[in-house]
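Please read the report below alongside the sequence and the coordinates, taking the headings in order.

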Amino acid sequence: MKKVPSRGKQRRPGGRSPGPAESPREAWMRAALREAEKGAAEGEIPVGAVVVSPEGKILARAHNRSVTAADPTAHAEILALRGAARRAGNYRLTGCRLVVTLEPCPMCAGAAVIARVGEILYGTPDPKGGAVSTLYRIASDPRLNHRAAVSSGVLAEECAALLTSFFRSRRAAPSRHAGCHAGLKEVP
């Protein structure tokens, strides 16, 4: 007897089955994960970010573009904050949330504080560069003029798995950056 696939159970893009109703935080993190997957497909470190309005609408989304843009500041968080500020018409994103798959670095944490986001929500910690919980606590530093709430762990396993898979495949492949300094010219 031939098995007929059930039509009652829908599949999400990427082959994930929907579980019980997702919380808004999980939905936002899934949007950030989709951005991270786009980055991985472009050869970027797979980090994705979205900025969410106080009403819960995604204002901007981005993934890392440092390699493709040849720009060390083109992190997902910076690009998402820029997009949200343009859309809002104001660099202050008061009450907004920055949702990112990996704990922000010092640059991105600082940008979130300057943008005055209300919360930084990240998926997985960054033991080598995390600047809101792991190595530093920039977003909650009382010496700064603004602080943001920090939450973590939303879809942490999926966020960590994407990064682990990316770096495992990079270690297995020949280096793209062999001799990358050969083309650099000294500036007088």
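## Helix α1 and its packing

In this predicted model, the buried residues of α1 are Trp-28, Met-29, Arg-30, Ala-31, Ala-32, Leu-33, Glu-35, Ala-36 and Gly-39. The partners against which these buried residues pack are the strands β1 (48–52), β2 (58–63), β3 (97–102) and β4 (119–124), together with the helix α4 (156–172).

Just after α1, Gly-43 adopts a positive phi of about 85°.

## Nonpolar cores

The largest nonpolar core comprises 26 residues, and within it Val-51, Leu-93, Val-117 and Ile-120 have the most contacts. At least two residues of this core come from each of β1, β2, α2 (76–88), β3, α3 (106–115) and β4. In soluble globular proteins, nonpolar side chains tend to be buried together.

Leaving aside residues up to four places away in sequence, Val-51 touches Lys-57, Ile-58, Leu-59, Ala-60, Ala-80, Leu-81, Ala-84, Leu-93, Cys-96, Arg-97 and Leu-98.

## Ser-53 in the β1–β2 loop

Ser-53 is located in the loop that connects β1 and β2. Its relative accessibility is 4%, and because buried means under 20%, Ser-53 counts as buried. With residues up to four places away in sequence again excluded, Ser-53 is in contact with Leu-59, Gly-95 and Cys-96.

## The largest pocket

The largest pocket holds about 640 Å³ of space, and its lining consists of 27 residues, with Ile-45, Leu-102, Asp-126, Leu-163 and Phe-167 lying nearest the centre. Helix α4 gives the most to this lining, contributing 7 residues. By residue class, the lining of the largest pocket divides into 12 nonpolar, 7 polar and 8 charged residues.

## Overall arrangement

The protein contains 4 helices and 5 strands, which follow the pattern α-β-β-α-β-α-β-β-α when read along the sequence. Of its 188 residues, 37% count as buried. Among the contacts with a separation of 6 or more, 56% are between residues 24 or more positions apart.

How values were computed
Residues numbered from 1 in each chain as written. Predicted model: local features only at pLDDT ≥ 70, side-chain atom pairs only at ≥ 80, totals over all residues. Heavy atoms only, no water. Buried < 20%, exposed > 50% of the residue type's maximum accessible area, 1.4 Å probe, protein only. Contact = heavy atoms within 4.5 Å. 1 Å grid on protein atoms, 1.4 Å probe; cavity = no way out; pocket = protein on both sides within 12 Å on 5 of 7 lines; lining within 4 Å. Points joined across faces, edges and corners; volume = space filled by probe spheres on them. Nonpolar A, V, L, I, M, F, W, Y, C, P; charged D, E, K, R; others polar. Core = buried A, V, L, I, M, F, W, Y, C linked by side-chain atoms within 4.5 Å.
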